[in-house]
Amino acid sequence: MKKLQLFILLTLSCISFYGQISFTGVVKDESNNPIGFVFVKVKDQSLGAKTDANGNFRINFPFKGEYILELSNLNYETLTKTVVVAEGQNEMQTFVMKTSIKKVKGALVRGSKNKESEQATLLDQKKQVVIQEKMGSQE
């Protein structure tokens, strides 16, 4: 019985491993420069990848078919593109993202002074001066 369960488990894992279709792509900007660290998500799926420093990515799809990819990066406009994944597909697809101009209205910086820590620092400095004076008078 255990041998049969092991056989079924191994067969299913081999089928799922060999049944995947690899899809590769490269993400570039409008000047044809690679964009690193772009998130590539397959819409309505739990699949995705992140580009490397050269803009390359790879996603292993379980089945051939049509999928929608969403590419996003903070400095670029989100790109949505439909791709067709087929067995034996070796060509790397190129995705071009447009630079996004984001305006920041401003930033608010707040600072506060902690009088307790300031007084403690001054007290420590006074103690050090007293200790140094005592050591100097003993010599």
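Modeller: What follows goes from the whole chain to the aromatic rings, then to the core and to a few residues in strands and loops. The model is predicted.

The protein chain has two helices and seven strands, and from the N terminus on its elements run α-β-β-β-β-β-β-β-α. Of its 139 residues, 20% are buried. Among contacts between residues at least 6 apart in sequence, 52% join residues at least 24 apart. The accessible surface comes to about 11400 Å², and carbon and sulfur atoms account for 55% of that area.

Now the rings. The structure holds four aromatic pairs. One of them is formed by Phe 23 and Phe 61, with an edge-to-face geometry: the centres are 6.1 Å apart and the planes make an angle of 85°. This pair links distant parts of the chain, since Phe 23 belongs to strand β1 and Phe 61 to strand β4, 38 residues apart. Both Phe 23 and Phe 61 are buried.

Another pair joins Phe 57 and Phe 95; here the arrangement is tilted, at 5.8 Å centre to centre and 45° between the planes. Phe 57 lies in strand β4 and Phe 95 in strand β7 (residues 93-96), so this pair ties together parts that are 38 residues apart in sequence. Phe 57 and Phe 95 are both buried. One aromatic cluster takes in Phe 23, Phe 57, Phe 61, Tyr 67 and Phe 95.

Phe 61 deserves a separate word. Its strand, β4, covers residues 56-61. The relative accessible area of Phe 61 is 0%, so Phe 61 counts as buried.

As for the setting, nonpolar side chains in soluble globular proteins tend to be buried together. In this model the largest nonpolar core has 19 residues, and Leu 69, Leu 71 and Phe 95 have the most contacts inside it. Strands β1 (21-28), β2 (39-42), β4, β5 (65-73) and β6 (76-85) each supply at least two residues of this core. The largest share, four residues, comes from β6.

Leaving out residues up to four places away in sequence, Phe 95 touches Phe 23, Gly 25, Val 26, Val 27, Lys 28, Phe 57, Leu 69, Leu 71, Leu 79, Lys 81 and Val 83.

Thr 24 also lies in strand β1. Its relative accessible area is 16%, so Thr 24 counts as buried. Beyond its neighbours within four places in sequence, Thr 24 is in contact with Phe 57, Arg 58, Glu 91, Met 92 and Gln 93.

Two loop residues stand in contrast. Phe 37 is placed in the loop between β1 and β2, and at 51% relative accessibility Phe 37 counts as exposed. Its phi is near 60°, a positive value in a residue other than glycine. Asp 44 is in the loop between β2 and β3 (48-50), where its relative accessible area of 71% makes Asp 44 exposed. Phi of Asp 44 is near 65°, again a positive value in a residue other than glycine.

Conventions. Residues numbered from 1 in each chain as written. Predicted model: local features only at pLDDT ≥ 70, side-chain atom pairs only at ≥ 80, totals over all residues. Heavy atoms only, no water. Buried < 20%, exposed > 50% of the residue type's maximum accessible area, 1.4 Å probe, protein only. Core = buried A, V, L, I, M, F, W, Y, C linked by side-chain atoms within 4.5 Å. Contact = heavy atoms within 4.5 Å. Areas by Shrake-Rupley, 256 points an atom, 1.4 Å probe, with all protein chains shown as cover. Phe/Tyr/Trp six-rings, centres within 6.5 Å; stacked < 30°, edge-to-face > 60°.
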